[in-house]
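Please keep the sequence and the model in view while going through the numbered points.

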Amino acid sequence: QLPVIYFVTPTYPRREQIPELKRLAYTLLHVPRLYWLVANDQERCDTFLDTLLSGFGIPYAHMASPMPSEFRKSKPAPRGVANRRAALQWLHQQNITNGVLYFGDDDNTYDLRLFSEIRQTQRVSMFPVGLIAEYAVSVPVVRDGKVVAFLDSWVAGRRWPVDMAGFAVSLAYMSQYPNVNMPYKPGYEEDLFLRSIGLRIDQIEPKGANCTEILVWHTQTKNKKSAVVRLNSEFLDGRSN
Ligand code: UDP
Ligand code: MN
């Protein structure tokens with residue numbers, strides 16, 4: 001049997017939320033043996049969202065994972081971190097020690113081949129992510145089938161200068177590291193998470209034809225605040241001039 005992919009999606013209430021989740025769900029519906037962990041940045045589980053999620057027919061868990069209020073005002077804020085932490089805690093509580101973990105944000109674009117590539121991850125697999133910052137790609141550099149370096153527009157002292165969507169982790173491997181953690185440190189979440197699971201660069205499994213193919217893109221939806229709705233009271237009052 002195929003290993004299960006635990007696809008962790010942080011999401012948050014805004015007017016783009018429902019279309020983003022629908023678009024993502026219609027991708028995930030093509031993927032066998034996938035369990036969708038949807039962690040919403042909100043105090044309580046939203047019943048409307050839960051009805052939407054259950055309607056897709058994808059096995060899922062829906063959790064409420066609000067960003068702690070002290071981080072809300074910080075710029076940049078640790079976006080999606082409370083959500084991913086809640087999913088890590090869920091996996092730990094369910095005692096899930098096989099399958100593959102992948103952090104898939106609600107606004108990225110996924111090639112279906114990504115899922116077959118990451119499915120057999122032994123420890124940690126890595127691959128390019130398109131549309132990242134200035135270079136428009138974040139990519140592990142591979143020599144003779146091994147990752148030897150990283151190309152990323154913002155290295156910033158990180159040992160693992162990769163995007164959240166650029167790696168997958170075996171849960172059997174991760175379960176050997178009880179101190180696995182994703183701290184609230186904007187920009188350094190991937191690096192510190194990967195540092196917490198004791199990885200050596202020669203152990204990384206390059207995917208996507210030795211990291212020459214892009215199978216996931218960091219697309220971003222233009223995000224607008226909802227407008228203030230003004231009712232035309234002339235019509236409501238039945239008046240006219
Ligand atoms: N997110 C969240 N709370 C927020 C902002 C973002 O849970 O206040 C989620 C969002 O739905 C996405 C992830 O965190 O899955 C990363 O956020 P975003 O896509 O805005 O960041 P970017 O991709 O631009 O770094
Ligand atoms: Mn995003």
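1. How do the residues of the shell around ligand 1 divide into nonpolar, polar and charged? In this predicted model, three of them are nonpolar, five are polar and five are charged. The shell comprises 13 residues, and those that come nearest to ligand 1 are Y12, D41, R79, G80 and D105.

2. The sheet deserves attention next. Seven strands make up an open sheet with mixed pairing, and their order is β3-β2-β1-β4-β10-β6-β11. Strands β3 (60–64) and β11 (205–206) are at the edges; each has a single partner strand, so one side of each has no neighbour in the sheet.

3. Within this sheet, strand β4 (residues 100–103) and strand β10 (residues 167–170) run antiparallel and are joined by three bridges. One residue pair to locate is Y102 with its bridge partner in β10, A168.

4. Which strands does helix α2 lie across? Helix α2 (residues 47–56) lies across β2 (34–40) and β3, and runs at about 165° to β3. The helix is hardly covered, since the count of buried residues among its ten residues is one. Just after α2 comes G57, which takes a positive phi of about 85°.

5. An α-helix has 3.6 residues a turn, so residues three or four places apart point the same way.

6. The UniProt record, in an unreviewed entry, gives the annotation "binding site" to D107. This residue, D107, is found in the loop between β4 and β5 (109–110). Is D107 buried or partly exposed? It counts as partly exposed because it has 19 C-beta neighbours inside 10 Å, whereas a buried residue needs 20 or more. Setting aside residues up to four places away in sequence, D107 touches E20, T219, Q220 and T221.

7. The UniProt record, again in an unreviewed entry, places the feature "active site" at E190. Residue E190 is found in helix α7 (residues 189–195). Why does E190 count as buried? The reason is its 20 C-beta neighbours inside 10 Å, as a residue is buried if that count is 20 or more. Apart from neighbours within four places in sequence, E190 is in contact with W160, V162, D163 and M164.

Conventions:
Residues numbered from 1 in each chain as written. Chains lettered and ligands numbered in written order. Predicted model: local features only at pLDDT ≥ 70, side-chain atom pairs only at ≥ 80, totals over all residues. Near = placed C-beta within 6 Å. Nonpolar A, V, L, I, M, F, W, Y, C, P; charged D, E, K, R; others polar. Pairing = 2+ DSSP bridges. Helix = DSSP H or I, 4+ residues; strand = E, 2+ residues; numbered from the N terminus. Contact = placed C-beta atoms within 7 Å. Axes fitted to C-alpha atoms, helices over the stretch in contact; angles between N-to-C directions. Buried ≥ 20, exposed ≤ 12 C-beta atoms within 10 Å, placed from the backbone. UniProt positions renumbered as here; feature names shortened; annotations may be inferred.
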